[in-house]
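Thanks for coming. I have one structure to go through today, and I will take it site by site. Here it is on the screen.

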Amino acid sequence: MIHLRSGSARLTSCTMDVVSCSSLMFWSRRILGYRCAFHVPALLASVMICSSLLCPAGAFLYNNRYAGDRVLRITPSNEQEVRALKGILGLMKVDFWQPNSASLIHQNRSVDVHVKHHDIRGIHKRLTDQKISYQVLISNLQKEIEKQTGHRSSRKRRAESQYDYEVYHSLEEIQSWMFEMNRTQPDLVGLFSVGKSYEGRPLYVLQLGKRNQKKAVWIDCGVHAREWIGPAFCQWFVKEAISSYQYDSAMTRLLNQLSFYIMPVFNVDGYHYSWNTDRFWRKTRSKIRKFHCRGVDANRNWKVKWCDEGASSHPCDDTYCGPFPESEPEVKAVAKFLRKNKKRIKAYISIHAYAQMLLYPYSYKYAMIPNFNCVESAASSAVKALYSAYGVRYRYGPASTTLYVSSGSSIDWAYKNGIPYAFAFELRDTGYFGFLLPESLIKPTCTETTRAVKAIASGLLKKCNPDKDRFPYI
Ligand SMILES: *[C@@H]1O[C@H](CO)[C@@H](O)[C@H](O)[C@H]1NC(C)=O
Ligand SMILES: *[C@@H]1O[C@H](CO)[C@@H](O)[C@H](O)[C@H]1NC(C)=O
Ligand SMILES: [Zn+2]
């Protein structure tokens with residue numbers, strides 16, 4: 001049905017080049033008869049040959065930039081340790097995995113950080129000096145990355161005709177897949193663009209289901225570039241919907257009565273960058289004058305309590321809110337589409353990772369939403385449905401109390417603009433692999449999440465009476 005070779009072919013040939021690189025090194029040592037003292041420069045020379053000539057994509061993924069980097073889990077157990085830890089991590093400029101900034105460090109809450117190899121001794125010393133204990137989650141990040149994406153040559157290539165939903169795909173592959181879906185499933189799938197990214201890429205949205213239903217559901221994935229399981233889920237959901245239509249009565253009903261708008265990769269520029277340059281890139285790729293740091297957090301850029309608590313006004317931070325609300329073309333385009341269709345869109349769902357949580361508004365304050373009962377019961381059935389697949393437990397509740405306070409988020413914006421059900425999923429896991437969820441876990445993760453999304457969507461077809469008088473929900 002679908003032929004997508006470009007990305008995989010490139011990587012396959014590169015894997016073979018790794019082999020030829022090592023044999024090259026072997027022969028250069030043999031033939032030239034270098035002695036030990038000369039091995040290092042000879043090796044370096046071969047590596048340089050490898051990376052510049054034989055393996056244009058890099059013999060090592062990402063040019064080996066994560067070799068020796070670690071991911072640490074640090075849990076401060078009192079206020080003094082919280083203060084010390086904030087100081088240490090701020091000083092070292094670590095890459096925050098969970099939570100995503102130093103301001104969110106709290107007592108007894110674990111902090112996962114990616115530490116560059118040259119900072120490991122320093123951070124170890126500082127933490128030990130302060131008697132703060134920590135655990136090494138990943139001891140060599142480069143190895144873990146190669147493990148996650150390194151099976152490419154041995155992937156199930158036999159069935160070339162079948163798109164492989166159990167591997168991560170590059171942006172180019174995902175876009176070709178979308179075109180193919182649009183071409184081969186004209187009854188159930190449509191494809192259009194809602195605008196262009198900062199770097200000029202089209203922002204594609206698939207429309208799934210019988211055309212122009214009165215009610216619609218929006219699902220976006222890949223808002224944060226490094227959360228690769230998100231785009232994998234969006235693709236999985238489309239596949240599931242199409243293949244179970246007319247076989248599964250619940251899915252048939254959903255596709256007959258709802259329109260699904262599915263945006264597999266929201267932050268296209270960032271996703272592309274996370275494949276080609278920095279695996280742990282989170283933000284968009286926009287640039288503002290005078291600052292050398294690029295990118296805005298696309299989940300802090302929405303016009304709702306913009307740039308307040310839980311967002312940063314510093315362009316180098318991972319939670320940078322941007323120069324003004326909707327400064328990011330991606331956010332602006334989606335906001336425009338949602339505004340235009342807000343009468344029909346009954347649920348907004350944003351797929352993130354990682355934490356195993358299902359979150360709903362508010363993010364920016366500790367308060368109960370007016371239609372709390374309806375949303376809470378939808379969340380509860382979603383989490384139950386998810387659990388029914390593999391027994392994986394998700395926490396759920398308002399984002400502010402369940403995860404942390406953040407302002408300018410898309411769920412708060414959607415809710416404030418009249419979409420009564422707004423959810424953010426934080427998919428697997430809880431930190432063992434973090435952003436490097438292995439491809440072997442794509443299937444279980446997406447299967448259980450599909451159940452949860454179906455539960456939310458099915459709920460929209462039933463009546464739930466919120467307190468109508470208090471609309472809009474601000
Ligand atoms: C944090 O954990 C310690 C040790 O288990 C406990 O004594 C303390 O009360 C906890 N603090 C908070 C704020 O939960
Ligand atoms: C999707 O397919 C329709 C025809 O079925 C075509 O008109 C439309 O341009 C396609 N969308 C994109 C983005 O190519
Ligand atoms: Zn995210």
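This is a predicted model: local features need pLDDT of at least 70, side-chain atom pairs count only at pLDDT 80 or more; totals for chains, interfaces and linings use all residues.

K305 counts as buried because it has 22 C-beta neighbours inside 10 Å, and the threshold for buried is 20 or more. K305 sits in the loop between α9, residues 268–276, and α10, residues 329–340. Its phi is near 50°, a positive value in a residue other than glycine.

Q356 is another residue with a positive phi that is not a glycine, at about 60°. Q356 is in the loop between β9, residues 345–353, and β10, residues 357–360.

The UniProt record, an unreviewed entry, places the feature "active site" at E426. E426 lies in strand β12, which covers residues 421–427. Which residues does E426 touch, leaving aside those up to four places away in sequence? They are H352, A353, Y354, A355, Q356, M357 and L359. E426 itself is buried, with 22 other C-beta atoms within 10 Å.

Next, the cis peptide bonds. The bond from R428 to D429 is cis, with omega near 0°. D429 is found in the loop between β12 and α14. The bond from Q98 to P99 is cis as well, with omega near -10°. P99 is in the loop between β2, residues 95–98, and β3, residues 111–115.

Now to helix α14 itself. This helix spans residues 442–460, and its axis comes within 9 Å of the axis of α7, residues 229–244. The two axes cross at roughly 65°, and the crossing is right-handed. On the α7 side, the contact is made by I229, A232, F233, W236, F237 and E240. On the α14 side, the residues are I442, T445, C446, T449, T450 and V453. By class, that contact has eight nonpolar, three polar and one charged residues.

One more residue in α14 is T447. Why is T447 put down as partly exposed? It has 15 C-beta neighbours inside 10 Å, which falls between the limit of 12 or fewer for exposed and 20 or more for buried. T447 and Y390 are 57 residues apart in sequence, and their C-alpha atoms are 9.1 Å apart in space.

There are ligands in the model too, and I will mention ligand 2. Which residues are around it? They are N182, P186, L191 and F192. By class, the shell around ligand 2 has three nonpolar residues, one polar and no charged ones.

Last, the chain as a whole. The protein chain has 14 helices and 12 strands. Buried residues make up 46% of its 474 residues. Taking contacts between residues at least 6 apart in sequence, 77% join residues at least 24 apart.

Note on methods:
Residues are numbered from 1 along each chain as its sequence is written. Chains are lettered from A and ligands numbered from 1 in the order in which they are written. A residue is near a molecule or strand if its C-beta atom, placed from the backbone, lies within 6 Å of it. Ala, Val, Leu, Ile, Met, Phe, Trp, Tyr, Cys and Pro count as nonpolar, Asp, Glu, Lys and Arg as charged, and the others, Gly among them, as polar. Axes are lines fitted to C-alpha atoms, for helices over the stretch in contact, and angles run from 0 to 180 degrees between N-to-C directions. Helices (H or I, at least four residues) and strands (E, at least two) are DSSP runs, numbered from the N terminus. A crossing is left-handed if the near helix is turned anticlockwise from the far one by less than a right angle, and right-handed if clockwise. Two residues are in contact if their C-beta atoms, placed from the backbone, lie within 7 Å. UniProt positions are given in the numbering used here, feature names are shortened, and annotations may be inferred rather than shown by experiment.
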